[in-house]
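Try each task first, then compare your steps with the solution.

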Amino acid sequence: MSFILKNVDVVESISREDFKKNYLDKRKPLIIKGLTKDWPARDKWSTDYFKEIAGDIEVKLVDNSKADPSKVINASIASMKFGEYLDLIKREPTQLRIFFFNLFKHRPELINDVKIPKDLMGGFIESMPAMFFGGSKAITFLHYDIDLPHLFHTHFGGRKHIILFDNKWKKRLYCVPNTTYALEDYDVANPDFEKFPALKGVEGYEVFLEHGDTLFMPTGMWHWMRYIDGSFSLSLRAWDQSISRKMGSVWSLFMHGAVDSAIKIVFRERYAIWREKLAFKIADRELKKDLKKAG
């Protein structure tokens, strides 16, 4: 069994007016297949190319293991040369992935291979282009980005499976209190509704990205990702223009970052156990409220 999932709209291209009216303002995801058609990266970027220009860089790796409650989220479990890692994901299935890697810091000329879509919206954070790499068994846990940006997520070199949820489902998704991620104890692709009853009836979107496809994810959208092939993605981030959302971003960084980290350092496992139990209570309460509304 799965969530109630629908397809995301797909376009080859889109005007600024149409994008703003039907997707940006409505906080609705969109796949733009032709956004990268004139990017040099679309034809140039590959694991072989990156190995050639940056294979000597040491990279930190994470896997699908549940986060250690005493450590920061996405703490690395190993490291290796970038070129060795690229050979690995090309050669065989692996859970190992590289999270939020600013390759442009090491090879700034790569920015010339990308055309930031300023014709669609403003507010892009040009100093923070982030790359993500994963083997064909790698999964990114269900979460939303802590600083609440809009995301333009472009995939390269293979296929990627993505499940999205609007932020209104936050409590029903068993969001861990004081964080921006859900309990890692259920399989997003095949949830156990008996053990996690609040998940039943939750609505979302399902996406399959191929080489060169760009997914627009509006601010606060939850996302879970699975690499079908050893491949990689580029995320461009843009601030929402509303004052309330900018204030929300600052609050989220403070509450879900600084405060949560401080509490975790002091109370460690006790804090983790407490907030996981609280996630169940909040989800059950939200489920009952929604069922009551439905009559």
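**Exercise 1.** Which residues does His106 touch, not counting residues up to four places away in sequence?

*Solution.* Before starting, note that this is a predicted model, in which local features need pLDDT of at least 70, side-chain atom pairs count only at pLDDT 80 or more, and totals for chains, interfaces and linings use all residues. Residues are numbered from 1 along each chain as its sequence is written, and side-chain values use heavy atoms, with hydrogens and water left out.

- Step 1: apply the contact criterion, heavy atoms within 4.5 Å. His106 then touches Ile57 and Phe101, with residues up to four places away in sequence not counted.
- Step 2: His106 is found in helix H5, residues 103-106; helices (H or I, at least four residues) and strands (E, at least two) are DSSP runs, numbered from the N terminus.
- Step 3: check accessibility, where buried means under 20% relative accessible area, exposed over 50%, and partly exposed in between (1.4 Å probe, protein chains only). His106 counts as partly exposed because its relative accessibility is 37%.
- Step 4: take a distance. The C-alpha atoms of His106 and Tyr144 are separated by 27 Å, and the two residues are 38 apart along the chain.

**Exercise 2.** How many salt bridges does a search of the whole structure find? Work through some of the pairs.

*Solution.* 

- Step 1: recall the background. Side chains of opposite charge can pair when their charged atoms come close.
- Step 2: count. With a salt bridge taken as a side-chain nitrogen of Lys or Arg within 4 Å of a carboxyl oxygen of Asp or Glu, the search finds 19.
- Step 3: look at Lys33 and Asp213, whose closest N and O atoms are 2.9 Å apart. This pair links distant parts of the chain, 180 residues apart: Lys33 is in the loop between strand E3 (30-32) and helix H2 (40-44), and Asp213 in the loop between strand E11 (203-209) and strand E12 (214-217). Lys33 is partly exposed at 29% relative accessibility, whereas Asp213 is buried at 3%.
- Step 4: go on to Asp48 and Lys90, a salt bridge with its closest N and O atoms 2.9 Å apart. Asp48 lies in helix H3 (residues 47-54) and Lys90 in helix H4 (residues 82-91), so the pair ties together parts that are 42 residues apart in sequence. Asp48 is partly exposed at 44%, while Lys90 is exposed at 52%.
- Step 5: finish with Arg91 and Glu92, whose salt bridge has its closest N and O atoms 3.0 Å apart. Arg91 counts as exposed at 56% relative accessibility, and Glu92 as partly exposed at 36%. Elsewhere, salt bridges that share partners join Lys66, Asp185 and Glu276 into one network.

**Exercise 3.** What is the phi of Tyr174, and is Tyr174 buried or exposed?

*Solution.* 

- Step 1: read the angle. Tyr174 has a positive phi of about 60 degrees although it is not a glycine.
- Step 2: locate the residue. Tyr174 is in the loop between strand E10 (160-165) and E11.
- Step 3: settle the accessibility. Tyr174 counts as buried because its relative accessibility is 0%.
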